[in-house]
Amino acid sequence: LYQIKQEELFENAMGIVAISGREVSKLFARQDKFGRFASIICYVPKKNFSSGIREKIQGIVAREFEGEVTAHYTQISESLLARVNFIVKTRGLSPKKIDYQKIEQEILDVSTRWNERLFGKLEVSSGEDEAKIIYTTYKDAFSLSYTEHFGADDAAHDITLINKLMSGSHPLIALSKPEESSSKYLLKIYSHDNQIPLSQMM
(Lines give C-alpha, C1' and ligand atoms only; values in the text may rest on other atoms or scores of the structure.)
Protein backbone atom coordinates (compact mmCIF):
# COMPACT_ATOMS: atom_id res chain seq x y z
CA LEU A 1 0.00 0.00 0.00
CA TYR A 2 2.82 2.41 0.86
CA GLN A 3 4.56 1.77 -2.45
CA ILE A 4 1.62 2.52 -4.73
CA LYS A 5 1.36 5.91 -6.41
CA GLN A 6 -1.40 8.19 -5.20
CA GLU A 7 -3.02 8.40 -8.63
CA GLU A 8 -2.98 4.61 -9.05
CA LEU A 9 -4.42 4.08 -5.57
CA PHE A 10 -7.22 6.55 -6.28
CA GLU A 11 -8.03 4.92 -9.63
CA ASN A 12 -8.20 1.44 -8.08
CA ALA A 13 -10.25 2.66 -5.13
CA MET A 14 -12.80 4.36 -7.40
CA GLY A 15 -12.93 1.25 -9.58
CA ILE A 16 -13.74 -0.89 -6.54
CA VAL A 17 -16.45 1.54 -5.45
CA ALA A 18 -17.94 1.42 -8.97
CA ILE A 19 -18.48 -2.36 -8.85
CA SER A 20 -19.97 -2.33 -5.34
CA GLY A 21 -23.36 -4.06 -5.32
CA ARG A 22 -22.89 -5.49 -8.83
CA GLU A 23 -22.22 -9.08 -9.88
CA VAL A 24 -19.26 -8.50 -12.17
CA SER A 25 -15.74 -9.81 -12.71
CA LYS A 26 -13.02 -7.20 -12.33
CA LEU A 27 -9.25 -7.08 -11.98
CA PHE A 28 -7.04 -4.53 -10.23
CA ALA A 29 -3.27 -4.90 -10.33
CA ARG A 30 -0.11 -3.21 -9.18
CA GLN A 31 3.29 -4.14 -10.52
CA ASP A 32 6.47 -3.46 -8.59
CA LYS A 33 8.50 -0.79 -10.40
CA PHE A 34 11.52 -3.11 -10.38
CA GLY A 35 9.52 -5.98 -11.85
CA ARG A 36 10.00 -8.24 -8.83
CA PHE A 37 6.36 -8.96 -8.08
CA ALA A 38 2.79 -8.03 -8.87
CA SER A 39 -0.19 -7.80 -6.54
CA ILE A 40 -3.49 -8.60 -8.25
CA ILE A 41 -6.92 -8.21 -6.68
CA CYS A 42 -9.67 -10.08 -8.50
CA TYR A 43 -13.40 -9.80 -7.89
CA VAL A 44 -15.87 -12.42 -9.15
CA PRO A 45 -19.56 -13.09 -8.37
CA LYS A 46 -19.71 -14.90 -5.04
CA LYS A 47 -22.50 -17.24 -6.19
CA ASN A 48 -20.16 -18.73 -8.80
CA PHE A 49 -16.97 -18.76 -6.73
CA SER A 50 -15.23 -21.99 -5.70
CA SER A 51 -11.72 -23.27 -5.09
CA GLY A 52 -11.76 -24.65 -8.64
CA ILE A 53 -12.58 -21.21 -10.06
CA ARG A 54 -9.82 -19.67 -7.93
CA GLU A 55 -7.29 -22.17 -9.29
CA LYS A 56 -8.29 -21.38 -12.88
CA ILE A 57 -7.96 -17.63 -12.27
CA GLN A 58 -4.62 -18.24 -10.58
CA GLY A 59 -3.40 -20.02 -13.71
CA ILE A 60 -4.51 -17.10 -15.91
CA VAL A 61 -2.77 -14.57 -13.66
CA ALA A 62 0.47 -16.57 -13.51
CA ARG A 63 0.55 -16.94 -17.29
CA GLU A 64 -0.25 -13.34 -18.17
CA PHE A 65 2.17 -11.85 -15.64
CA GLU A 66 4.80 -14.46 -16.57
CA GLY A 67 5.47 -15.43 -12.99
CA GLU A 68 4.63 -17.75 -10.13
CA VAL A 69 1.80 -17.20 -7.68
CA THR A 70 3.46 -17.41 -4.27
CA ALA A 71 0.41 -16.53 -2.15
CA HIS A 72 -3.29 -15.89 -2.40
CA TYR A 73 -5.76 -14.43 0.08
CA THR A 74 -9.49 -15.01 -0.30
CA GLN A 75 -12.17 -12.84 1.26
CA ILE A 76 -15.84 -13.81 1.20
CA SER A 77 -18.24 -11.53 3.04
CA GLU A 78 -21.86 -10.42 2.75
CA SER A 79 -20.95 -8.66 -0.48
CA LEU A 80 -22.18 -10.05 -3.80
CA LEU A 81 -18.53 -10.45 -4.82
CA ALA A 82 -15.75 -12.76 -3.67
CA ARG A 83 -12.28 -11.18 -3.59
CA VAL A 84 -8.94 -12.88 -4.11
CA ASN A 85 -5.57 -11.16 -3.78
CA PHE A 86 -2.81 -12.95 -5.71
CA ILE A 87 0.88 -12.23 -5.13
CA VAL A 88 2.92 -13.10 -8.23
CA LYS A 89 6.68 -13.40 -8.16
CA THR A 90 7.97 -12.10 -11.50
CA ARG A 91 11.32 -12.16 -13.26
CA GLY A 92 12.81 -8.96 -11.89
CA LEU A 93 12.57 -7.10 -15.19
CA SER A 94 10.76 -3.85 -15.89
CA PRO A 95 6.96 -4.00 -15.37
CA LYS A 96 5.22 -5.94 -18.14
CA LYS A 97 2.58 -4.35 -20.37
CA ILE A 98 -0.62 -6.19 -19.54
CA ASP A 99 -3.81 -6.48 -21.57
CA TYR A 100 -6.23 -6.18 -18.64
CA GLN A 101 -9.35 -6.40 -20.82
CA LYS A 102 -8.17 -9.75 -22.18
CA ILE A 103 -7.54 -11.10 -18.67
CA GLU A 104 -10.90 -9.87 -17.40
CA GLN A 105 -12.67 -11.57 -20.31
CA GLU A 106 -10.90 -14.84 -19.51
CA ILE A 107 -11.82 -14.51 -15.84
CA LEU A 108 -15.41 -13.78 -16.83
CA ASP A 109 -15.46 -16.93 -18.96
CA VAL A 110 -14.15 -19.20 -16.20
CA SER A 111 -16.23 -17.63 -13.42
CA THR A 112 -19.56 -17.67 -15.26
CA ARG A 113 -21.70 -20.78 -15.06
CA TRP A 114 -21.99 -22.77 -18.28
CA ASN A 115 -25.76 -22.26 -18.54
CA GLU A 116 -25.37 -18.51 -18.02
CA ARG A 117 -22.83 -18.39 -20.85
CA LEU A 118 -25.23 -20.37 -23.05
CA PHE A 119 -28.05 -17.91 -22.43
CA GLY A 120 -25.69 -15.03 -23.20
CA LYS A 121 -24.75 -16.58 -26.56
CA LEU A 122 -28.39 -17.22 -27.42
CA GLU A 123 -29.29 -13.66 -26.46
CA VAL A 124 -26.65 -12.27 -28.82
CA SER A 125 -27.72 -14.46 -31.76
CA SER A 126 -31.50 -14.47 -31.28
CA GLY A 127 -32.48 -11.54 -29.09
CA GLU A 128 -33.65 -11.63 -25.48
CA ASP A 129 -37.24 -12.82 -26.01
CA GLU A 130 -36.36 -15.65 -28.40
CA ALA A 131 -33.35 -16.59 -26.26
CA LYS A 132 -35.61 -17.14 -23.25
CA ILE A 133 -37.78 -19.55 -25.25
CA ILE A 134 -34.81 -21.48 -26.66
CA TYR A 135 -33.04 -21.55 -23.29
CA THR A 136 -36.11 -22.90 -21.51
CA THR A 137 -36.29 -25.71 -24.07
CA TYR A 138 -32.61 -26.69 -24.00
CA LYS A 139 -31.23 -25.66 -20.59
CA ASP A 140 -31.34 -29.25 -19.26
CA ALA A 141 -30.58 -30.98 -22.55
CA PHE A 142 -26.77 -31.03 -22.25
CA SER A 143 -25.04 -33.66 -20.14
CA LEU A 144 -22.23 -32.98 -17.69
CA SER A 145 -19.83 -34.70 -20.10
CA TYR A 146 -20.92 -32.33 -22.89
CA THR A 147 -20.46 -29.18 -20.77
CA GLU A 148 -16.99 -30.34 -19.72
CA HIS A 149 -15.84 -30.80 -23.31
CA PHE A 150 -17.78 -28.15 -25.22
CA GLY A 151 -18.35 -24.46 -24.67
CA ALA A 152 -21.49 -22.35 -24.84
CA ASP A 153 -20.58 -21.32 -28.41
CA ASP A 154 -20.64 -24.97 -29.46
CA ALA A 155 -23.97 -25.54 -27.74
CA ALA A 156 -25.59 -22.52 -29.40
CA HIS A 157 -24.39 -23.79 -32.78
CA ASP A 158 -25.66 -27.30 -32.01
CA ILE A 159 -29.07 -25.92 -31.03
CA THR A 160 -29.30 -24.15 -34.39
CA LEU A 161 -28.59 -27.42 -36.24
CA ILE A 162 -30.93 -29.42 -34.01
CA ASN A 163 -33.78 -27.00 -34.73
CA LYS A 164 -32.98 -27.27 -38.42
CA LEU A 165 -32.99 -31.05 -38.13
CA MET A 166 -36.48 -31.03 -36.59
CA SER A 167 -37.93 -29.56 -39.79
CA GLY A 168 -36.35 -32.22 -42.02
CA SER A 169 -35.95 -35.97 -42.18
CA HIS A 170 -32.28 -36.46 -43.03
CA PRO A 171 -29.35 -36.53 -40.58
CA LEU A 172 -27.05 -33.50 -40.56
CA ILE A 173 -23.27 -33.61 -40.54
CA ALA A 174 -20.93 -30.90 -39.23
CA LEU A 175 -17.15 -31.03 -39.66
CA SER A 176 -14.97 -28.54 -37.79
CA LYS A 177 -11.40 -27.96 -36.69
CA PRO A 178 -11.40 -26.96 -32.99
CA GLU A 179 -7.83 -25.62 -33.04
CA GLU A 180 -6.16 -24.09 -36.07
CA SER A 181 -2.75 -25.46 -35.08
CA SER A 182 -4.08 -29.00 -34.58
CA SER A 183 -4.27 -31.72 -37.21
CA LYS A 184 -7.45 -33.10 -35.60
CA TYR A 185 -10.98 -32.53 -36.89
CA LEU A 186 -14.29 -32.87 -35.08
CA LEU A 187 -17.18 -34.63 -36.80
CA LYS A 188 -20.70 -34.34 -35.40
CA ILE A 189 -23.65 -36.27 -36.78
CA TYR A 190 -27.18 -35.16 -35.84
CA SER A 191 -30.04 -37.63 -36.19
CA HIS A 192 -33.62 -36.92 -35.16
CA ASP A 193 -35.37 -40.25 -34.57
CA ASN A 194 -32.84 -43.05 -34.53
CA GLN A 195 -29.30 -43.61 -33.32
CA ILE A 196 -26.90 -44.33 -36.15
CA PRO A 197 -24.63 -47.37 -35.48
CA LEU A 198 -20.90 -46.65 -35.60
CA SER A 199 -20.45 -49.35 -38.23
CA GLN A 200 -22.93 -47.57 -40.48
CA MET A 201 -21.14 -44.24 -39.99
CA MET A 202 -17.85 -45.77 -41.08
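## Overall make-up

The model is a predicted one, in which local features need pLDDT of at least 70 and side-chain atom pairs count only at pLDDT 80 or more, while totals for chains, interfaces and linings use all residues. Residues are numbered from 1 along each chain as its sequence is written, and side-chain values use heavy atoms, with hydrogens and water left out.

The protein has eight helices and six strands, taken as DSSP runs numbered from the N terminus (helices H or I with at least four residues, strands E with at least two). From the N terminus on, these elements follow the order α-β-β-α-β-β-α-α-α-α-α-β-β-α. Among contacts (heavy atoms within 4.5 Å) between residues at least 6 apart in sequence, 58% join residues at least 24 apart.

Four strands form an open sheet in the order 1-2-4-3, with antiparallel pairing; two strands are taken to pair if DSSP finds at least two bridges between them. Strand 1 (26-31) and strand 3 (68-76) stand at the edges, and because each has a single partner strand, one side of each is left without a neighbour in the sheet. Neighbouring strands of this sheet are turned by 15° against each other on average, direction ignored.

Strand 2 (residues 37-45) and strand 4 (residues 81-89) pair in the antiparallel sense over nine bridges, and Val44 has Ala82 of strand 4 as its bridge partner.

## Helices across the sheet

Helix 1 (residues 6-18) lies across strand 1 and strand 2 and runs at about 165° to strand 1, where angles run from 0 to 180 degrees between the N-to-C directions of axes fitted to C-alpha atoms, for helices over the stretch in contact. Helix 3 (residues 100-111) also lies across strand 1 and strand 2, running at about 135° to strand 1.

## Packing of helix 2 and helix 3

Helix 2 (residues 51-64) and helix 3 pack at an angle of about 160°, with their axes 10 Å apart. That angle makes helix 2 roughly antiparallel to helix 3, a label given to angles over 145 degrees.

The contact involves residues of helix 2 including Ile53, Ile57 and Ile60, and residues of helix 3 including Ile103, Ile107 and Val110. By class, this contact has six nonpolar, one polar and five charged residues, with Ala, Val, Leu, Ile, Met, Phe, Trp, Tyr, Cys and Pro counted as nonpolar, Asp, Glu, Lys and Arg as charged, and the others, Gly among them, as polar.

Notes. Parallel < 35°, antiparallel > 145°, perpendicular 65-115°, else oblique.
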